[in-house]
Amino acid sequence: MNTLMLSHFHKDFPFNHDSSWVTPCYAGGTGPYEWHPPGEGNYKNINFGKPSIMDLQHYYRSVPEENFLRAIGAEATTYWLLKHANDFEQEYIGTTSYRRYLLLNNPTSNETKVFLNPSVESSKLLTDDAAAKTAEEILSKHDMIITKQFHMDTTVEQQYLMFELPEYWELFKEGIVRINPSYKKNIDWFTTSKTCHFEAVSISRKDIFKRMMGEYFEIMEYIWKNCSEVFPDKNVKSYACSEPLPWRYPGFLNERFVPFFVHANNLNTFEVPLALLQ
């Protein structure tokens, strides 16, 4: 197969461990996110060796390792693939999390999101060789396969600020322009667009993935260097937002950066439904 997708797991969950192109990963730690895999199977510990997401732990030195790994979540696997992409011969790569898939066995469905039973059988349906071949056929003519856009009554920015803390959002937009000044002409997408690829699972050419995720982590480092605190914890004090776990902002921001990157770089995308095991 010429396609590789890494799926991040933080707990045991049904998965097709015989898939030839989707690999389950976890971020091993020394605390409650321990060194052992979340279940039986061929899980890959993306914190074994260097580089790994632990290279960025120093930004979270004020909190325990467990909190750092929880805050980073699936972006730990994204970071690992970014740093090790050239170790793989596959031309098309991407990442996702344990229950989210691209619906490649029915790519032209009109649905935006489909729900499947959380079972090994469902995972096999979504990760078999036929799905990879479909992806490769599509990517021979497109830059990226991505989940379909959601249509909203609000702009992308308004939707984010309905739930999340504004500090990280403002630093996010500042960081985008800092790391790539050419994006300044596109930054109003956040305040004008009412569509967004939420839960943006994607596969793209390797060069696109590396540039997209390289920019994302540069932006996150800008945020961590300039924010008032890296781990806003409602168990410690109150915050003016409805999000119960505001420290999850790295993942929420990535959900918005990927579609912005698509827009700003005018990528030729092929949209498919998101398949959610639930």
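Leaving aside residues up to four places away in sequence, I53 touches N47, F68, L69, I72, E75, A76, Y79 and F217, where contact means heavy atoms within 4.5 Å. This is a predicted model, in which local features need pLDDT of at least 70 and side-chain atom pairs count only at pLDDT 80 or more, while totals for chains, interfaces and linings use all residues. Residues are numbered from 1 along each chain as its sequence is written, and side-chain values use heavy atoms, with hydrogens and water left out.

I53 is also, together with Y60 and Y249, one of the residues that touch the most other members of the largest nonpolar core, which has 67 residues. A nonpolar core is here a set of buried Ala, Val, Leu, Ile, Met, Phe, Trp, Tyr and Cys residues joined through side-chain atoms within 4.5 Å, and buried means under 20% relative accessible area, computed with a 1.4 Å probe on protein chains only. The largest share of this core, 11 residues, comes from helix α8, residues 206-226; helices are DSSP runs of H or I with at least four residues, strands are runs of E with at least two, and both are numbered from the N terminus. In soluble globular proteins, nonpolar side chains tend to be buried together.

The aromatic residues can be followed next. Across the whole structure, a search finds 24 aromatic pairs, a pair being two rings of Phe, Tyr or Trp (its six-membered ring) with centres within 6.5 Å, stacked if the planes are under 30 degrees apart, edge-to-face if over 60 and tilted otherwise. One of them joins Y216 and F257, a tilted pair with 6.5 Å centre to centre and 35° between the planes. Because Y216 lies in helix α8 and F257 in helix α9 (residues 249-264), this pair ties together parts that are 41 residues apart in sequence. Y216 counts as buried at 1% relative accessibility, and F257 is buried with a relative accessible area of 0%. The rings of F257 and F261 form a tilted pair too, with centres 6.0 Å apart and planes at 55°; both residues lie in helix α9, 4 residues apart, or about one turn of the helix.

Definitions and conventions:
Buried < 20%, exposed > 50% of the residue type's maximum accessible area, 1.4 Å probe, protein only.
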